[in-house]
Amino acid sequence: MDTIKFLRSAMNKVLFWINTILIVVLVLDVSWQVLSRYVASSPSTFTDELARYLMVWMGFLGGAYMFGSNSHLSVTSLRDKLPEKLKNIVILCTYLLIIAFTVLVMIYGSQRLILRTLAQPSPSLGIPMGAFYSILPISAFCIIYYMILHIIELFISKKN
């Protein structure tokens, strides 16, 4: 159980610090956009696009972080009324469905999109759009990682 907590804590710290860096860069980016537009009267050309990309990356990585801490939005009123054994089966099925969705949509589904847009540069930053879309499989692997930890933890808690 300590190993599971350590693994979850390590991933939580990594995602927390990545999101912290992203939000700091976002604040600097938007501040520069405001200053260049209203103080220098010469709006920056890249800040709007960078802000959008940073928000998307923060959303996906923040969502993965929420899965890890079991803080994502869920309606558990029906599940909580079930007997313990049935409740654990529902929880396990939920975790397995999340993994299936993540693999099918976020990894398999995004694969074609990423490959098709690797040569397409973004309008103002000039980075490949495939690099921007790569957040889908990155966050998917984080979610799967957390779901596997949750499943292991579920089986360990059933044994105790």
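By class, the residues lining the largest pocket of this predicted model comprise four nonpolar, five polar and one charged. The pocket itself has a volume of about 240 Å³. Its lining is made up of N70, H72, S74, V75, T76, R79, I91, T94, Y95 and I98. The main contributor to this lining is helix α4, which spans residues 84-117 and supplies four residues.

The backbone of N70 shows a positive phi of about 55 degrees, although N70 is not a glycine. With a relative accessible area of 43%, N70 is partly exposed.

R79 additionally takes part in a salt bridge, its side chain meeting that of D80 at 3.9 Å, N to O. D80 is partly exposed, its relative accessibility being 42%. In total, four salt bridges are counted in the model. Another of them joins the side chains of D48 and R52, with an N to O distance of 2.9 Å. D48 and R52 are separated by about one helical turn, because they stand four residues apart in helix α2. Both partners of this pair are partly exposed: D48 has a relative accessible area of 40%, and R52 has one of 45%.

A further salt bridge is formed by the side chains of E84 and K87, at 3.9 Å from N to O. K87 is a buried residue despite its charge class, as its relative accessible area is 17% and the buried class covers values under 20%.

On the surface, a nonpolar patch is formed by V30, W32, V34, L35, Y38, V39 and F46. Together these residues have about 720 Å² of accessible area. V30, one of the patch members, is located in helix α1, which covers residues 2-39. The relative accessible area of V30 is 34%, so V30 counts as partly exposed; this value also meets the patch requirement of over 30%. I151 itself is situated in helix α6, residues 135-159. At a relative accessibility of 13%, I151 is assigned to the buried class.

A positive phi is also found at S41, where the angle is near 55 degrees in a residue other than glycine. S41 occupies the loop between α1 and α2. In terms of accessibility, S41 is exposed, because its relative value of 59% lies over the 50% limit of that class.

Helix α1 also contains T3. T3 is exposed, with a relative accessible area of 53%. Although T3 and L149 are 146 residues apart in sequence, their C-alpha atoms lie 9.8 Å apart in space.

Note on methods:
Residues numbered from 1 in each chain as written. Predicted model: local features only at pLDDT ≥ 70, side-chain atom pairs only at ≥ 80, totals over all residues. Heavy atoms only, no water. 1 Å grid on protein atoms, 1.4 Å probe; cavity = no way out; pocket = protein on both sides within 12 Å on 5 of 7 lines; lining within 4 Å. Points joined across faces, edges and corners; volume = space filled by probe spheres on them. Helix = DSSP H or I, 4+ residues; strand = E, 2+ residues; numbered from the N terminus. Patch = residues over 30% accessible without salt bridge, like charges linked within 9 Å, V, L, I, M, F, W, Y side chains within 5 Å. Areas by Shrake-Rupley, 256 points an atom, 1.4 Å probe, with all protein chains shown as cover. Buried < 20%, exposed > 50% of the residue type's maximum accessible area, 1.4 Å probe, protein only.
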